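These are my notebook entries on one structure. I set down what I looked up, in the order in which I looked.

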Amino acid sequence: MTLLDQIEGPEAVGDDGYRRIRSDLVFGRLRPSQKLRLEGLKENYGVSISTLREILNRLTAEGLVVAEGRRGFEVAPVSAENLKELAQLRLLLESHAMQTSFANADVEWEGRVVSAHHKLAATERLMEAGIGELEQWKRYDSEFHQALISNCGSHMLMETHSLVFDKYFRYQMVAFIYRGAEPAQQHRALLESALKRDDQAAKAILTEHVNNCVEHALAKAPMH
């Protein structure tokens, strides 16, 4: 489960508003550097001004929103430098977590990885055919990478990786064009490496996978 799907505390209007606003940030429906006017958000998301402030402060702490003091809030901007930093942080976290997870591999972990890949592969075929749903693809992509590291033994590491993954994913939505068969082939190779417990091969594949995503994003949406 990604941070996009997690709820803290009892179900409430604020929880639903948080999930919806966060999803719109990650998927680019709220554009980078866009001003977040409270009255407009209140109408669109059906939550009070005070609850909106709490939600936006929470999203500011996550780095998805920027607080401008008395001037209010805006969507976090994007930049080539930030994308590259997120990519390197993701590689650092995920490579370390995969190594530990592979070392702790058991039948339950293997089942999670195989199941997560099956759902992702099916969704990728739909995306390549032009009939897939972005939310479903993102969910299964995240679930697969989380499954790979799910035996790392650190809930905090998995939560941090999930947050970085979502911030990294936002860049793919800035000028989205599906990359075709290449990511699916890399995910298949990651699965095979996991089943062989070959963390070094998995690290090399992941590095290529992430770096290719960065190159694609910068080519389709040049950033300063």
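How many nonpolar, polar and charged residues does the lining of the largest cavity have? I found 7 nonpolar, 4 polar and 3 charged residues there. (Ala, Val, Leu, Ile, Met, Phe, Trp, Tyr, Cys and Pro count as nonpolar, Asp, Glu, Lys and Arg as charged, and the others, Gly among them, as polar.)

Entry on the model. I note that this is a predicted model, in which local features need pLDDT of at least 70 and side-chain atom pairs count only at pLDDT 80 or more, while totals for chains, interfaces and linings use all residues. Residues are numbered from 1 along each chain as its sequence is written, and side-chain values use heavy atoms, with hydrogens and water left out.

Entry on the cavity. I counted 1 cavity of 30 Å³ or more, and the largest cavity has a volume of about 170 Å³. (A cavity is a set of points on a 1 Å grid over the protein atoms alone where a 1.4 Å probe fits but cannot get out; lining residues have an atom within 4 Å of a point. Points are joined across faces, edges and corners, and the volume is the space filled by probe spheres set on them.) Of its 14 lining residues, W137, Q172, R179, P183 and C213 are the closest to the centre. Helix 6 (134-148), helix 8 (181-195) and helix 9 (199-220) each supply at least two lining residues; helix 9 gives the most, with 4. (Helices are DSSP runs of H or I, at least four residues, numbered from the N terminus.)

Entry on R179. I located R179 in the loop between helix 7 (155-174) and helix 8. Its side chain makes a polar contact with the side chain of E182 at 2.6 Å. (A polar contact is a pair of N or O atoms within 3.5 Å, one able to donate a hydrogen and the other to accept it; residues adjacent in sequence count only if both atoms are side-chain atoms.) Leaving aside residues up to four places away in sequence, R179 touches Q186, H209, N212, C213 and H216 (heavy atoms within 4.5 Å).

Entry on helix 5 and helix 8. I read that the axes of helix 5 (residues 107-128) and helix 8 come within 10 Å and cross at roughly 170 degrees. (Axes are lines fitted to C-alpha atoms over the stretch in contact, and angles run from 0 to 180 degrees between N-to-C directions.) Helix 5 is therefore roughly antiparallel to helix 8 (an angle over 145 degrees).

Conventions. 1 Å grid on protein atoms, 1.4 Å probe; cavity = no way out; pocket = protein on both sides within 12 Å on 5 of 7 lines; lining within 4 Å. Parallel < 35°, antiparallel > 145°, perpendicular 65-115°, else oblique.
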